[in-house]
Amino acid sequence: MIKKVVIAGGGTAGWMAAALLKKVLQQQIDVELVESDDIGIIGVGEATIPPIQVFNQYLGLDEAEFLRETKATIKLAIKFENWRTQGESYYHTFGAPGAQLGFCPFQHYWLQAKKAGLTQSLWDFDLNFLCAEQGKFNIIKTPNPLYEMPYAYHFDSGLYGRYLRKIAEKSGVVRTEGLIELVQQDAISGHIRSLHLKDGRQIHGDLFIDCTGLRALLVRKTLGVAFEDWSHYLPANSAIAVPSERFAQTLPYTRSIAHKAGWQWRIPLTHRNGNGLVYCSDYLSDDEAHHTLMGNLDANALAEPRKISFQTGRTTEQWCKNVVSIGLSSGFLEPLESTSIHLIQSGIVRLLKMFPHQQISQTVIDYYNADSKQEFETIRDFIVLHYHVNQRDDSKFWRDMRHMAIPPRLAEKIALFQQTAAIFNDQNDIFRDASWLQVMLGQGIQPLEHHPAAKAVPDAQLLQTLQKIRDAKQQPLAQMLSHDEFLLRYTKQ
Ligand SMILES: Cc1cc2nc3c(=O)[nH]c(=O)nc-3n(C[C@H](O)[C@H](O)[C@H](O)COP(=O)(O)OP(=O)(O)OC[C@H]3O[C@@H](n4cnc5c(N)ncnc54)[C@H](O)[C@@H]3O)c2cc1C
């Protein structure tokens, strides 16, 4: 019987796991979380994607309180600057450009309309884009998919962890402060039996969740699970991060600015901005990275820049014996598409769906691992797409990215879009067609053909229909507030 769950680590992953496990399973399980104040948390991670709303709703969080507690702002999109070529930008929004018009997806009609003289970009048909560009936001409650405007948040993940800790402790999670020095395994099965703390305390459990971050203390150091290195696809291995003073106006989107060898994030929170540069040390020295980041801050730095080293890839068995790894212990994908916190969420939900109440079965473990492998790989491919399809010729880094071998599934996806404008979604891909579409077009892939169904509509009728959609998408803008005004009113700060 799985009666006691022990979570090793109290970063974002640990507290998200503790809060949701206890909320769902209540008195069916005891949850104890061990964290070490001496080690602390990684302390970065600020941008999310829309499913975080479902997680918060399930926990019963009040959105206004959550925004206040975590110093959060609204995220409608990521603006990619200088990625295809220097001086150009495009958005990856959470919206879906256009509308459902007929048999085939919107991009086919838009491509046909372009042939018939349409001058507007795909994004001109996207409410998320229109609001992001104008710095506006409001919550739209409507059953009409035309006006849907999915959003996520920028928040301080350290504060999010602290906020969830209050909720988890209130619901009965026991927090133990201490340094795990030794991990005791069963001599025969190899299952973990207990964690031994530096001060001599022992914590016993039936199921262990490894949330020890990049240390991966249980899953890699103790059980010896292998790490699949993906640095041949995503060679960035370093980041340098620094907070800066907040701007007078907070943008409702993340900025991702490509530089000569890497990219910089700018994330607006209500009390400060988060900034960082992701780079590969083979192409850029730490000094150069420091210089690039500090030379491209829009406001005064609030602390000394901090370097973080990482390796891209994943642990090959995310669930091994009686240990499930969640968070950075399960793998690392650079924050280009803000997916790490989402991977925490989906890992916990997957574990809950398959929660081993009576015993841990290998069938369940295998299923969990196959599912999570697919999810990691689809995200990896989406991130590689941004790097690979570029037309920059100003540095060896971008040329190498363009010429590198890419995962076969991604190559097929690009070829299919290039030839037919079609996108097929893979199971477990968290990025929908609209996301792939925006990044493929934004990075400069021009489809050679599109679906014949779009050609069946007379040009004049098609242009008129698209004009109507554009007018409809513009309509809600009048009821929008500036992003700052929305935050102020909604959170009553
Ligand atoms: C540069 C960078 C930028 C990022 N940006 C984003 C982003 O924008 N969006 C996003 O979704 N994600 C982002 N991430 C990822 C995000 O930071 C993490 O997914 C998230 O913070 C979860 O971390 P964690 O809880 O797994 O690890 P950590 O925060 O490192 O927590 C590990 C915990 O384990 C404990 N621990 C470790 N060893 C021991 C021990 N021996 N004894 C006791 N306790 C121990 C520590 O004390 C700590 O509590 C970014 C990551 C990096 C590196």
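Start at the ligand: one of its oxygen atoms is 2.7 Å from a polar backbone atom of V44, where a polar contact is a pair of N or O atoms within 3.5 Å. This is a predicted model, in which local features need pLDDT of at least 70 and side-chain atom pairs count only at pLDDT 80 or more, while totals for chains, interfaces and linings use all residues. Residues are numbered from 1 along each chain as its sequence is written, and side-chain values use heavy atoms, with hydrogens and water left out.

Select I42 next. A polar backbone atom of I42 is 3.0 Å from an oxygen atom of the ligand. Then go to S340, where the distance from a ligand oxygen atom to a polar backbone atom is 3.4 Å. Taken alone, the ligand exposes 1000 Å², and the protein buries 97% of that (accessible areas by the Shrake-Rupley method with a 1.4 Å probe).

Now show the shell around the ligand. α1 (12-25) and α9 (340-353) are the elements that give two or more residues to this shell; helices are DSSP runs of H or I with at least four residues, strands are runs of E with at least two, and both are numbered from the N terminus. α9 supplies the largest share, three residues. Of the 34 residues around the ligand, those that come nearest are G10, V44, A47, I180 and I341, a residue being near if one of its heavy atoms lies within 4 Å. By class the shell holds 18 nonpolar, 13 polar and three charged residues, with Gly counted as polar and Asp, Glu, Lys and Arg as charged.

Colour by domain. The ligand lies between domain 1 (4-46 + 156-230 + 312-360) and domain 3 (238-309), because both give residues to the shell; the bounds come from an automatic or database domain assignment.

Move to the open sheet of seven strands, ordered β5-β4-β15-β16-β17-β14-β18 with mixed pairing. Two strands pair if DSSP finds at least two bridges between them. β5 (89-93) and β18 (306-309) stand at the edges with a single partner strand each, so one side of each has no neighbour in the sheet. Within this sheet, select β15 (residues 253-259) and β16 (residues 262-268), which pair in the antiparallel sense over five bridges. H259 has G262 in β16 as its bridge partner.

Finish at the open sheet of three strands, β13-β19-β22, with antiparallel pairing. Its edge strands, β13 (227-229) and β22 (331-332), each pair on one side only. Three bridges join β13 to β19 (residues 313-315) in the antiparallel sense. Select E228 to see R314 of β19 opposite.

Notes
A polar contact is a pair of N or O atoms within 3.5 Å; within protein, one must be able to donate a hydrogen and the other to accept it, and residues adjacent in sequence count only if both atoms are side-chain atoms.
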